[in-house]
Amino acid sequence: MKKAAELVIIPAPGIGHIVSAVEMAKLLVARDDQLFITVLIMKLDLDSKPKGIDITYTGSDRINFITLPEVNISTEGMSPNNFLKLFVESHKPHIKDTVSKLSQSQSEARLAGFVIDMFCTSMIDVANELGVPTYVFFASNAGFLALLFHLQILHDEHNKDCTDLKDSDAELVLPSFTNPLPASALPSMFLDKDSTTTFINHARRFRETKGILVNTFMELEANALHSLSDGKTPPVYPIGPMLNITRNEKHEDSDLASDSTLKWLDEQPPLSVVFLCFGSMGSFDEDQVKEIAYALEHSGLRFLWSLRQPPAKGKVAYPSDYADYRGVFPEGFLDRTTGIGKVIGWAPQVAILAHPAIGGFVSHCGWNSMLESLWCGVPVGTLPMYAEQHLNAFEMVRELGLAVEVSMAYKKGSVNAEDIERGIRQVMEHDSDIRKRVKEMSKLSKTALMDGGSSYSSLGRFIEQIFL
């Protein structure tokens, strides 16, 4: 009989990363009763927290959560990239100490390896010191992973620097995409020398690991996944979509807010409401808020808009809910749109996307949001803001034909009301080819996770590797 195995999962502190890592832990223990998992949580104390999620309820006594001792690092004058790098690095001694104690206290399960977040590659050093293998959990998509490896090879073997492409009209031909990638769709971190160096280093270190688990599925990203099976990278295991569809979301006043929002949706006709939501870090300045408001009002469409207040300039913090919206909207906007529109703060995104009244979703294109919209069969209008979201938008619109472009220009300045209105109207078309393709992909996303499905089989191959 095989001996029980313990995996240590180390997610990055972002809520999207933690939720996906916990979903992966649940999938793993559900598949093999000899697997035990410890999730190490790095506590990030920003002034204003995003929606809280009761992550510790998993329904399994084989998943253990340990919150690591708090590390205090000042965010003053530090770029988010440097802050995250230093924040993760500072946890190395705590993680080594915690895992060493864990190994001593667990006689029945051998330590089989670390599964680290894509931003936690410095933890490979800790795994090496403890003599165990490392696997990467890549919470984004295979297209982004393939781009990372491609840019790392261009940098290391051809001395090419992707920051030279800033403000360029150039296009990159990549093995992972059938269409050339415009430089404007490059993830924003590759337009800055400092963060490019960090990500190139992450890609180098991925190559030291025994495998990479990706939150995607073969039917969605066949091209990108095939390009990663060239023998030059560690084995890639597409095991998605990993989504907490029934997650127990908690937020101050959330029960009240959720109830009134879902009741309002109950009163709207099927497929009649466009939902606008921009992630746990997404917020706009007042000029952009007004342009979105003009677009919504002029369109005459029903809308549900999750609007968050930006943190103070130069501060690394989460957006918060507005105490009063009136100051940021065009005068009289709320009065004129009473009955057809509703503006809310934090939103229970999954519950809203699953509601039959929702006909379209205008999104920042975070990867979790893209997978949630596909699962629920809701077409997306893309308004990417930061990180790899421009790449996600390019893939969803140009490569896969599963989304409508609202605008790719937000990182260069405001997006005007005319472009937003055009995108919203398009995403709400009832009999569009995009809607049909999204419905089909919704079915495929569910099949991938079923017994015999592509992601089910891929997860099985990973578990076999753990017990070798």
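**Reading the predicted model: questions and conclusions**

Visitor: Why is D167 called exposed in this predicted model?

Guide: The relative accessibility of D167 is 69%. The limit for this class is over 50%, and therefore D167 counts as exposed.

Visitor: Why is A387 called partly exposed?

Guide: The relative accessible area of A387 is 22%. Buried requires under 20% and exposed over 50%, so A387 falls in between and is partly exposed. A387 also has a positive phi, of about 55°, without being a glycine, and lies in the loop between β18 and α13 (389–399).

Visitor: How do you know that M370 is buried?

Guide: M370 has a relative accessible area of 0%, and the limit is under 20%; M370 is therefore buried. Its place is in helix α12 (residues 367–376). Leaving out residues up to four places away in sequence, M370 touches S363, C365, V380 and M396.

Visitor: What makes the bond between G240 and P241 a cis peptide bond?

Guide: Omega is about 0° for the bond that joins G240 and P241. Most peptide bonds are trans. P241 belongs to the loop between β10 (236–238) and β11 (249–250).

Visitor: How do you know that β18 and β19 pair?

Guide: At least two bridges are needed for pairing, and three bridges join β18 (residues 380–382) to β19, so the two strands pair. They run parallel. T382 has E405 of β19 as its bridge partner.

Visitor: Why are β16 and β19 called edge strands?

Guide: The open sheet of six strands has the order β16-β13-β12-β17-β18-β19, with parallel pairing. Each of β16 (341–344) and β19 (403–405) pairs on one side only. From one strand to the next, the twist averages 20°. Helix α14 (residues 417–427) packs on this sheet, touching β12 (273–277), β17 (358–363), β18 and β19.

Visitor: What makes the contact of α2 with α6 polar or nonpolar in class?

Guide: Helix α2 (residues 80–89) and helix α6 (residues 193–206) pack at an angle of about 35°, with their axes 9 Å apart. The contributing residues are N81, N82 and K85 of α2 and D194, S195 and T198 of α6. By class the contact has four polar, two charged and no nonpolar residues. Asp and Lys count as charged, so D194 and K85 supply that class.

Visitor: Which residues touch the most other members of the largest nonpolar core?

Guide: I10, F114, L181 and W305 do so, in a core of 150 residues. Helix α5 (residues 142–158) provides its largest share, eight residues. Beyond neighbours within four places in sequence, the contacts of W305 include L276, F278, F329, F333 and I344.

How values were computed: Residues numbered from 1 in each chain as written. Predicted model: local features only at pLDDT ≥ 70, side-chain atom pairs only at ≥ 80, totals over all residues. Heavy atoms only, no water. Axes fitted to C-alpha atoms, helices over the stretch in contact; angles between N-to-C directions. Helix = DSSP H or I, 4+ residues; strand = E, 2+ residues; numbered from the N terminus. Contact = heavy atoms within 4.5 Å. Core = buried A, V, L, I, M, F, W, Y, C linked by side-chain atoms within 4.5 Å. Buried < 20%, exposed > 50% of the residue type's maximum accessible area, 1.4 Å probe, protein only.
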